[in-house]
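Please read the following walk through a structure, meant for someone who has not seen it before. It takes up a few places in turn.

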Amino acid sequence: NRPENGRLMLADGLADKGPKSLTSSSGQQVSNGFTTSAPQSSTEGPGTGASSGGTAPGAGGGTGSSMPLGGLRTLVVQQTSLERPRETWSKKMDFLLSVIGYAVDLGNVWRFPYICYQNGGGAFLLPYLLMAVFGGVPLFYMELALGQFHRSGCISIWKHICPIFKGIGFAICIIALYIAFYYNTIMAWALYYLLSSFRSTLPWTTCTNSWNTVNCNRYMSTDHNISWSNSSTSPAEEFYTRQVLQVHLSSGLHQLGSVSWQLALCLLFIFTIVYFSIWKGVKTSGKVVWVTATFPYLVLLVLLIRGATLPGAWRGVVFYLKPDWEKLLSTTVWIDAAAQIFFSLGPGFGVLLAFASYNPFHNNCYKDALVTSSVNCLTSFLSGFVIFTVLGYMAEMRKQDVDTVAKDAGPSLLFIIYAEAIANMPAATFFAIIFFLMIIMLGLDSTFAGLEGVITAMLDEFPHVLVKRREWFVFGLVCVCYLGALSTLTYGGAFVVKLFEEYATGPAVITVVLLEVIAVSWFYGTSRFCNDVQVMLGFYPGCFWRVCWVAICPCFLLFIIISFLAFPPEVRLFHYHYPAWTTVLGYCIGVSSFICVPTYMVYHLLNAKGTFKQVLHFLSFSLSLIFFSPRRASVLF
């Protein structure tokens, strides 16, 4: 056998031929292109291909010898690897809760309900489920299987798949940093609200505070002496915009203003929690998620029960679920469904690869993918009831239609509309505390996961430098994220958050995932990948999964990319319309991460050995293989 880096590598010799017996004949390839010097028998011991389904890359190395036994020769593997054993999850539930906590984030609470009612209510569930079944879940399953089989982060995994695509891993890490720059700021806002909730009268219920204007009106059905006009603002809106964000002190992205010291302290506290949760690896973060991933479900259940008992709750539920089948004829509905399921499940951010790489090699990642993706979709659906029962209550109290009350989307839905509704409930302080605590915990789970994806990638790529210095590397990474987030803590920071949200992550990560699917399905080979799954799980993926990986998923992602380019979003926040130059800035930020992919391809090809003429010939030959035989190109690269 040929060990590589002290490991006995697994086979790809089964590729292109579909599922077959794991018992090899003489000289048959049984792992990642390497051939055995002797056939494997069905009596092989643990760690070899027949009885256990193969030896995981990174699970240990060895030297092999063969001996005749009853007419057969048995491969004997001796563990000789001196590599540090890879960390694993303490319990299976640690992994499941971490994945669920990552997938179920703030977008499930504010984005899905808004997208659902905006695109036909109950009718939207049809395209949403179709996009989940044919696009989101297959991608989710593919990343879990890749990470578990190769036991590598999003950078080093490409040396096993197709090295020329290694730039995808670096692009994913940059995207993760961009997300950390703005996503944690939303948790800082929630922490500000949480600290402001520890008082008998919530500060966003009155118009007598120093930040309020003459337009402030507390307009509820019980306030008979108050009249509402088009220029009126609610105390909740003024608390959010003038006290927490202080956007009135900034005229736009060209003049952000000073850093808010209150938000800077809140964000510092958030990152302190993040650091001490992930600094030791999945052994510690796997324990933290038992609280951060389960507490939001308890709060959602409490808020659902409370919302269902409020007057007018039924109006919100009807508005949420009443189907408008005509909207299914609009391409916008299908675009929104595809984008929502993609960003909800979260493939392409390196997190699923990292989390799965700490699993036991024969863990049933297929069942994990189905369970966690189902929980994620059901949570989105449940969140809709939590939000719209309260919106129905607000509409009843204001004597307005639900669509008038629900005009805000994104964070404003939580920090203005829902906060105001909570303030008008009995026991408002209690519900405010648990609600904003839930928002913080939903965000923390996703931050743990996003940074762990970067940490795993870097530690696997530079193990001799970083593995023994993990705590210091994590500290440096958290400091970089905090410094990068300072622009979002200024008076115009909300404008920066919106810019990052629209341009820095969306198009770039979808393009990266498209290349990832193409690299795995077309270059590495679907048959080869399916054989890897068979070695791990003991069964070969069915026709449905293979068709999705080869054709449907690339089309699904290409559909989202084309729709984004054809219908670029009109970005606005409050009364600020983003000027044309901010669109250019947004695209530049997005391209700055994606540029790693072609840059590394050029670097990889230029480092090929040989004269300049030979390199040019190699490049032309490589391009012809890429276009006409990507499967052979993966072997070449």
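**A threonine, a helix pair and the cysteines**

Leaving aside residues up to four places away in sequence, Thr-447 touches Tyr-183, Asn-184, Met-187 and Val-274, where contact means heavy atoms within 4.5 Å. The model is a predicted one, in which local features need pLDDT of at least 70, side-chain atom pairs count only at pLDDT 80 or more, and totals for chains, interfaces and linings use all residues. Residues are numbered from 1 along each chain as its sequence is written, and side-chain values use heavy atoms, with hydrogens and water left out.

Thr-447 lies in helix α17, which covers residues 428-461. Helices are DSSP runs of H or I with at least four residues, numbered from the N terminus. With a relative accessible area of 5%, Thr-447 is buried; buried means under 20% relative accessible area, exposed over 50%, and partly exposed in between, for a 1.4 Å probe and protein chains only. Thr-447 and Phe-271 are 176 residues apart along the chain, and their C-alpha atoms are separated by 9.3 Å.

Next comes a pair of helices. The axes of α2 (residues 92-103) and α9 (residues 282-292) come within 8 Å and cross at roughly 60°. Such axes are lines fitted to C-alpha atoms, for helices over the stretch in contact, and angles run from 0 to 180 degrees between N-to-C directions. The helices α2 and α9 are therefore oblique to each other: angles under 35 degrees count as roughly parallel, over 145 as roughly antiparallel, 65 to 115 as roughly perpendicular, and the rest as oblique. On the α2 side, Met-93, Asp-94, Leu-97 and Ser-98 meet Gly-286, Lys-287, Val-289 and Trp-290 of α9. The residues of this contact divide into 4 nonpolar, 2 polar and 2 charged, with Ala, Val, Leu, Ile, Met, Phe, Trp, Tyr, Cys and Pro counted as nonpolar, Asp, Glu, Lys and Arg as charged, and the others, Gly among them, as polar.

The cysteines remain. How many disulfides does a search of the whole structure find? It finds 1, a disulfide being a pair of cysteine sulfur atoms within 2.5 Å. Cys-207 is joined to Cys-216, S to S 2.0 Å. The torsion about their S-S bond is about -70°, so this disulfide is left-handed. Cys-207 is partly exposed at a relative accessible area of 28%, whereas Cys-216 is buried at 8% relative accessibility.

Cys-596 has its closest cysteine sulfur in Cys-173, 9.0 Å away, which is too far for a bond. Cys-596 counts as buried at 17% relative accessibility.

Conventions
Helix = DSSP H or I, 4+ residues; strand = E, 2+ residues; numbered from the N terminus.
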